[in-house]
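Please look through the sequence and the 3D structure below before reading on. The report is meant to be read with both at hand.

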Amino acid sequence: MTGAGEDLLVDARGHHCPVPTLRLRRALESALGRTVRLVADDPMAKIDVPHFVREAGAELVEATESAGVLTFRVRRPQV
């Protein structure tokens, strides 16, 4: 379980488009003011996730790739 100051982790490794983005969307719905860390290994996530984040009005805090694993940190603003 993560504390209030920690990222909410969504591990979507092994899943292909659109599952990583759908899991991110679901996590952001309950992450008001928090940061969600999405981990995925589908190369399409490199395109899909930033596009979804812009459309959702969220903030892409960080995007990294290491050994084929993509990690995105996304913050849902408090509204």
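This is a predicted model: local features need pLDDT of at least 70, side-chain atom pairs count only at pLDDT 80 or more; totals for chains, interfaces and linings use all residues.

Helix α1 spans residues 19-29, and its buried residues are Pro20, Thr21, Leu24, Ala27 and Leu28. These residues lie on the same side of α1, because they cover an arc of only 125° around the axis. The buried residues of α1 pack against β1, β2, α2 and β4, whereas the face turned away from the buried side carries the exposed residues Arg26 and Glu29.

Leaving aside its neighbours within four places in sequence, Thr21 is in contact with Asp48, Val49 and Phe52.

**The strands**

Strand β4 has antiparallel pairing with β2 and also with β3, as the table sets out.

| Pair | Bridges | A residue and the one opposite it in β4 |
|---|---|---|
| β2 and β4 | six bridges | Leu38 and Phe72 |
| β3 and β4 | seven bridges | Glu62 and Arg73 |

The two faces of β4 can be told apart: Leu70, Phe72 and Val74 form a covered face, while Val69, Thr71, Arg73 and Arg75 form an uncovered one.

**A charged residue in a loop**

Asp42 lies in the loop between β2 and α2. Asp42 is buried and yet has no salt bridge, the nearest side chain of opposite charge being that of Lys46, which is 10 Å away.

Most residues other than glycine have a negative phi, and most peptide bonds are trans. Against this background, which peptide bond is cis? The bond from Cys17 to Pro18 is cis, with omega near 10°, and Pro18 is placed in the loop between β1 and α1.

Ala67 is not a glycine, but it has a positive phi of about 55°. This residue is found in the hairpin of β3 and β4, which has two residues between the strands. Is Ala67 buried or exposed? Ala67 counts as exposed, because its relative accessibility is 83% and the cut-off for exposed is over 50%.

Terms used:
Residues are numbered from 1 along each chain as its sequence is written. Side-chain values use heavy atoms; hydrogens and water are left out. Helices (H or I, at least four residues) and strands (E, at least two) are DSSP runs, numbered from the N terminus. Buried means under 20% relative accessible area, exposed over 50%, partly exposed in between (1.4 Å probe, protein chains only). Contact means heavy atoms within 4.5 Å. The arc is that of the directions from the helix axis to the C-beta atoms. Lys and Arg count as positive and Asp and Glu as negative; His and the chain ends are not counted. A salt bridge is a side-chain nitrogen of Lys or Arg within 4 Å of a carboxyl oxygen of Asp or Glu. Two strands pair if DSSP finds at least two bridges between them.
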